[in-house]
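The sequence and structure come first.

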Amino acid sequence: MKKSTLSMLIALSLASTTNTWASQDELIFKPGADTRFNWASFEQLKAIDLSGQELTVFGPWLGSEKERFDNVIAYFAKATGAKVSYAGSDSFEQQIVIDAQAGSAPNISIFPQPGLAADLAAKGLLTPLDAEDEAAVKKDYAAGQSWVDLATFKDQDGNNEFYGVFYRADLKSLVWYSPDNFYDAGYDVPETMEDLKALTEQIAADGGTPWCIGLGSGAATGWPATDWVEDLMLRTQPADVYDQWVKNEVKFDDPRVVGAIEEFGWFAHNDAFVDGGIKAVAATDFRDSPKGLFASPPKCYMHRQASFVPAFFPDEIELGIDADFFYLPSYADKDLGNPVLGAGTLVSITNDSEAAREFIDFMRSPIAHELWMAQKGFLSAHLGANPELYATETAKKQGEILRYATTFRFDASDLMPGKIGAGAFWTGMINYSNGDSAEAVAQEIQKTWDALK
């Protein structure tokens with residue numbers, strides 16, 4: 001395929017978005033004023049003339065997220081002369097399928113889950129990207145091959161093609177704690193899984209409770225435990241085994257999967273290790289669970305949850321002072337690197353055009369990442385994006401975890417069929433937390449999967 005002009009100039013760019021050309025004064029960061037940004041790519045972007053071309057972008061971002069993304073793509077419009085319009089919807093997943101099948105898809109679609117993009121690719125409703133795009137992502141992103149793999153799907157002829165660029169990442173492999181509580185008790189942040197288990201035992205021996213764990217989430221009760229299992233799969237098995245598990249090529253009742261469930265059980269199936277004891281695990285709402293970290297005396301010392309969990313901390317808690325986090329560590333005795341579990345949004349072409357190609361190159365450039373990083377609410381695995389531009393120290397620290405990841409994998413339950421990832425897997429983890437064996441739970445989940453076939 002024809003390579004875009006921007007990519008031949010360099011692997012960077014800047015964006016301008018709204019519904020028309022943006023004036024210089026409308027850009028949130030004045031080009032050239034803050035030298036931490038990659039402004040050279042903005043200047044190079046001006047060599048691309050898209051005057052008179054319209055570019056439509058559709059995605060899941062609303063409210064403040066839409067505003068921040070609009071601020072980013074404004075640079076693309078300003079530099080190229082393209083008229084760019086972004087529309088967000090909380091029904092994106094349903095609407096994009098309708099639009100694509102009707103032949104009225106936007107030029108660019110932003111997928112919260114790669115599984116949906118894979119479905120459209122298999123129907124011939126996504127446009128593959130160039131080999132140069134694929135090579136650039138592999139080179140420019142931390143754990144680049146992982147991001148390439150996550151955006152590689154079969155086309156309607158069954159051939160593997162590369163379909164998109166991940167633009168915004170979410171991080172799940174985190175353990176939250178109170179620095180004051182650790183200091184008062186004399187505990188150090190563990191650097192290996194062996195250290196984490198030893199710390200868990202030490203806290204219990206000292207008369208404290210190591211963990212707060214809550215699986216409650218209304219109709220979605222059970223999902224926090226699936227995240228535990230997924231993280232532990234990545235720490236006990238190679239990434240290709242994880243990938244095979246997601247596709248059910250490695251069965252749910254395979255000993256390797258059962259072993260990961262039992263690793264979760266090491267933490268959750270011990271009354272001395274969990275606030276409220278074993279019976280409280282499934283009964284406690286995940287939004288209430290972390291509050292035990294901040295009780296006096298503390299009800300627990302650690303809580304494993306994704307980067308969004310501070311939204312459920314008490315209002316007076318200040319990140320970096322009252323609460324902090326560390327990477328859920330890998331095992332020292334296993335050669336599996338530093339795997340990270342998370343999620344991300346995939347930018348793909350659903351209605352091909354010259355402007356769409358240039359926009360994809362912009363989305364994989366450092367400056368496009370930096371422009372949202374500096375506004376907050378954004379994590380990037382792009383090695384070329386300046387981490388000094390993160391709006392908060394918390395985001396900067398989380399971004400560093402992404403940068404040093406050797407493997408990145410998407411939440412497995414989000415990639416599995418809905419009746420498994422958002423059904424039998426959730427239910428199975430509730431049953432396991434309530435006393436069923438890992439083997440029995442895994443066998444029941446596999447029976448459900450077999451029935452789908």
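The model is predicted, so local features need pLDDT of at least 70 and side-chain atom pairs count only at pLDDT 80 or more, while totals for chains, interfaces and linings use all residues. Residues are numbered from 1 along each chain as its sequence is written, and side-chain values use heavy atoms, with hydrogens and water left out.

**Pockets**

On a 1 Å grid over the protein atoms alone, a pocket is an open set of points with protein on both sides within 12 Å along at least five of seven lines, a cavity is a set where a 1.4 Å probe fits but cannot get out, and lining residues have an atom within 4 Å of a point. Grid points are joined across faces, edges and corners, and a volume is the space filled by probe spheres set on the points. Helices (DSSP runs of H or I, at least four residues) and strands (runs of E, at least two) are numbered from the N terminus. In the residue classes, Ala, Val, Leu, Ile, Met, Phe, Trp, Tyr, Cys and Pro are nonpolar, Asp, Glu, Lys and Arg are charged, and the others, Gly among them, are polar.

| Space | Volume | Lining by class |
|---|---|---|
| Largest pocket | about 1,100 Å³ | 20 nonpolar, eight polar, nine charged |
| Second largest pocket | about 830 Å³ | 12 nonpolar, five polar, seven charged |
| Largest cavity | about 40 Å³ | seven nonpolar, two polar, one charged |

The largest pocket has 37 lining residues, and E65, R168, D170, S307 and F308 lie nearest its centre. Two or more lining residues come from each of α3 (63-80), β6 (165-171), α10 (223-236), β10 (339-349) and α16 (393-403). Of these, β6 gives the most, with four residues.

Around the second largest pocket there are 24 lining residues, with A118, T152, F153, V246 and K247 nearest the centre. The elements that supply two or more of them are α5 (114-122), α7 (144-150), β4 (152-154), α11 (239-246), β11 (407-410) and α17 (412-415). The most come from α5, which gives six residues.

**Cavities**

Three cavities of 30 Å³ or more are found in the whole structure. The largest cavity is lined by Y141, W147, F166, Y167, R168, A169, H369, L379, S380 and A381. Strand β6 has the largest share of this lining, four residues.

**Helix pair**

Helix α18 (residues 418-433) packs against helix α19 (residues 438-452) at an angle of about 160 degrees, with the axes 9 Å apart. Axes are lines fitted to C-alpha atoms, for helices over the stretch in contact, and angles run from 0 to 180 degrees between N-to-C directions. The two helices are therefore roughly antiparallel, a term for angles over 145 degrees. The crossing of α18 and α19 is right-handed, meaning that the near helix is turned clockwise from the far one by less than a right angle.

On the α18 side, the contact (heavy atoms within 4.5 Å) is made by K419, I420, A424, F425, G428, M429, N431 and Y432, and on the α19 side by A438, V441, I445, T448, W449 and L452. By class, the contact has 10 nonpolar, three polar and one charged residues.

**Backbone**

The peptide bond from S296 to P297 is cis, with omega near 0 degrees. P297 sits in the loop between α13 (278-283) and β8 (303-304). A143, a residue other than glycine, has a positive phi near 50 degrees, and A143 belongs to the loop between α6 (131-140) and α7.

Technical notes: Angles under 35 degrees count as roughly parallel, over 145 as roughly antiparallel, 65 to 115 as roughly perpendicular and the rest as oblique.
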